[in-house]
Amino acid sequence: MKQFIVAPAPHAHSGDSVRRNMLLVILALMPAYVVSVIEFGWGALITAAISVCACVLTEWLISRYLLKEQKQTIGDLSAVLTGLLLAFNLPSSLDWWIVLIGAVVAIGVGKMTFGGLGQNPFNPALVGRVFLLISFPAQMTTWPLAKGFETSYLDAETGATPLYFLKHIAKTGDVSLVDQLPALKDAFLGVMGGSLGEVCALALILGGIFLICTRVITWHIPVSIIATVALFAWIGTPEGMEAHQYVAYELLTGGLMLGAFFMATDYVTSPMSAWGKIIFGIGIGFIMMVIRTWGAYPEGMSFAILIMNACVPLLNKIRPQHFGEPKKA
Amino acid sequence: MKTFHIGGVHPQDNKQFSAHQPITECPLPKQAIIPLVQHIGAPAQAVVKEGDKVKVGELLAQAGGFVSANICSPVSGKIAKIGEWTDAWGAPGQAIFIDVEGDEWLPEIDRTPDLARQCTLEPKAIIDKISAAGIVGLGGACFPTHVKLLPPPGKKAEVLIVNGVECEPYLTCDHQLMLEHGEEIMIGIQILKKALGVERAIIGIENNKKDAIEHMQKLANSNLGIEVLPLKLKYPQGGEKQLIDACIGRQVPSGALPIEVGAVVDNVATIFAIYEAVQKNKPLVSRVITVTGKHVAKPGNYLVRFGTPIDEVIALAGGVPAGTGKIIGGGPMMGRAMDHTENMPANKRLSGLLFLSEEESIRPEEENCIRCGKCVQACPMGLEPYLLSRMAELEMWEDCEKHDIMDCIDCGCCVFTCPAHRRLLDGIRPGKAKVGAILRERAAAAKAAK
């Protein structure tokens, strides 16, 4: 009697895979990365290379020698993505050994201690970044100017980011500093100082739309973050600045677009249901604006995302719209 | 274009292999095997004994309760034995074995292809005829049809929804039936409307069957109170609750039956069987089965008498293709993979035979859940499959119940969509069985306490 393979239904699969999702996110980051390389030159290339290699190597070493796993997971590309995102969140002129520490902390502490992919409560790249920000505050807030390959990796000219001026304007009401801000067009295209990958809002938005169209992410988190920030900024516009101008600067500078489309939407550390995602996004936008407006740091995206990461188990108590029940809200 | 409102996925429909293949009659077997369970509910009780001679249409086994169904003989011949039999999945049961002799039908059965339009029977008489003919839902669930037509007191049907969706990939039997027997289906719908006392019927057909939509629309134009509703392609639209939502925008509450929102749903194949039973006195003795797969030599839609060993149907389609890994009874989303084909007859439950190559049969290895929430987005019942599967694995039955595990319809959207290839249903299915048992125990205890 010929026997056939028996397995429970369904016998079909969408063809989606963890690797495919990671690959698509990496692809979506490429336009922004190309802009970074054009603007920051060698720094962008070297920092990203160190970060990605160190992340992958750390994951492999821990999984192979500490956890003694039979099957290695670096092929799923999640470590590559973490490395790339970490680099995106660092100044391009950062010393190589600081980048290395950041990568080891991101994967070692942020991800593998919890059991690897899918188990970590906090976004690993942000764990690495915040660790560096607290440990190396001077280096981590020294921003090279966008001068492309004209400058070498470590001796880049540095300057303050637009967020520094924005905060100062909000605090002191010194409207004369508005002149120090880049033109809105430059902010949109990314001709300004900042972390390696965060500067070009246009490229990040394009990447984000690509991810939404390919159904890698849903619109809920980015839209709720952006809407919250816009609303907060509109209400809190400092005197002497036009509301639309202030809103635009808050949206286009700092890590907002990078965070909204690529960091906050990290599968593992964001909520499952649509309403959970929306509240998560509102929380991030709100906390970030509180930090930007009143906090000690000019930028609060990393902290905001990490704080809301901690709320995810709670937000997962919000259940999706259940069939046959009256509509929620 | 309308569709249901929560979740759903878009599998490749792969209907091109057997679509538009005319319904071909499968020759009679030498011996027919008639299982006594071909429906949901109590097993039927055999009313014949070894050595009896039977004609086609004669009652072989009587419904074993209200929720059960008669089984009428699909062949003529001599009862060889009544006894133990194991199905293609290894489940034991009882079956009647008939040595086929000729093809002699009961005299009252009208076998001509002439349309019988007039139906003067009262609703009660119609339902009795449906019940006597052993008709069950041919869309897959095999729920006895007469039970649906007798709503509990206080409930009133408002609309008949006809399921022409056929959302399972590969299957084309309902599609072909609509193309070839649309007129009969229309008459069947009018009969059912009369039996239910409803004015309105909606035929839901997915948009990948444009010719069927057009054909049925043309026929509906000359039939009062029948609407054809093209639906946007999305799986599992043929699920009863999803179809009601898509057609009339009402969602059946958790644990309730469609009649709660005034709907009764029947599949087109079931309605064709109702036409034959009521107008032609022909009990349910055969059905159309799609035999298909990428490597099948002659994929098609075959009219098969129940009891015919599936090996003979497979031979008609060119035999088991080389390199076959799985043979699925039904479609790829909800069908069951057979262990073997020997001694397995066509029956009321079997809507298709799908051959998947070894390559297509591989279940990729599971990876860690990455908490992407795609299963939550895909679930048409608005459940949290990642959570239910984990809770069931950890035997957290109370939590399973609180998170509505019993609402799971087994559609497979979560597993289909999971990028980490997690076998969510492998946990949820047994969990559902366990929680169901707990609920029944609790109900029994509550009854005893009264």
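The entries below go through the chains one by one and then turn to their contact.

**Conventions.** I am working on a predicted model, in which local features need pLDDT of at least 70, side-chain atom pairs count only at pLDDT 80 or more, and totals for chains, interfaces and linings use all residues. Residues are numbered from 1 along each chain as its sequence is written, while chains are lettered from A and ligands numbered from 1 in the order in which they are written.

**Chain A, overall.** I looked up the secondary structure and found 14 helices and two strands in chain A; helices (H or I, at least four residues) and strands (E, at least two) are DSSP runs, numbered from the N terminus. The C-alpha trace of chain A spans about 85 × 55 × 30 Å along its principal axes.

I then checked burial: 52% of the 329 residues in chain A are buried. Buried requires 20 or more other C-beta atoms within 10 Å of the residue's own, with C-beta atoms placed from the backbone. Helix H12 (residues 256-263) of chain A is mostly covered, with eight of its eight residues buried; among them are A:Leu256, A:Phe261 and A:Met263.

For contacts in chain A between residues at least 6 apart in sequence, I noted that 73% join residues at least 24 apart. Contact means that the C-beta atoms, placed from the backbone, lie within 7 Å.

**Chain A, H2 and H4.** How do I describe two packed helices? By the angle between their axes and the distance between the axes. Helix H2 (residues 42-66) and helix H4 (residues 96-109) of chain A pack at an angle of about 40°, with axes 8 Å apart. That makes H2(A) oblique to H4(A). Axes are lines fitted to C-alpha atoms, for helices over the stretch in contact, and angles run from 0 to 180 degrees between N-to-C directions. Angles under 35 degrees count as roughly parallel, over 145 as roughly antiparallel, 65 to 115 as roughly perpendicular and the rest as oblique.

On the H2(A) side I listed residues including A:Ile46, A:Ile50 and A:Glu59, which meet residues of H4(A) including A:Trp96, A:Leu100 and A:Ile107. By class, this contact of H2(A) with H4(A) has 12 nonpolar, four polar and one charged residue. Ala, Val, Leu, Ile, Met, Phe, Trp, Tyr, Cys and Pro count as nonpolar, Asp, Glu, Lys and Arg as charged, and the others, Gly among them, as polar.

**Chain B, overall.** Chain B has 13 helices and 17 strands. Its radius of gyration is 22 Å, close to the 22 Å that the rule gives for 450 residues, so chain B is as compact as a globular protein of that length. The C-alpha atoms fill a box of roughly 65 × 55 × 50 Å along the principal axes. I found 55% of the 450 residues in chain B buried.

**Chain B, H3 and H6.** The axes of helix H3 (residues 173-196) and helix H6 (residues 268-280) of chain B come within 7 Å and cross at roughly 55°. H3(B) and H6(B) are therefore oblique to each other.

**Between the chains.** The contact takes 50 residues from chain B and 33 residues from chain A. S15(B) gives the largest share of the chain B side, five residues. I counted that side by class as 25 nonpolar, 12 polar and 13 charged residues.

How values were computed
Contact = placed C-beta atoms within 7 Å. Buried ≥ 20, exposed ≤ 12 C-beta atoms within 10 Å, placed from the backbone. Rg over C-alpha atoms; globule rule 2.2 N^0.38 Å.
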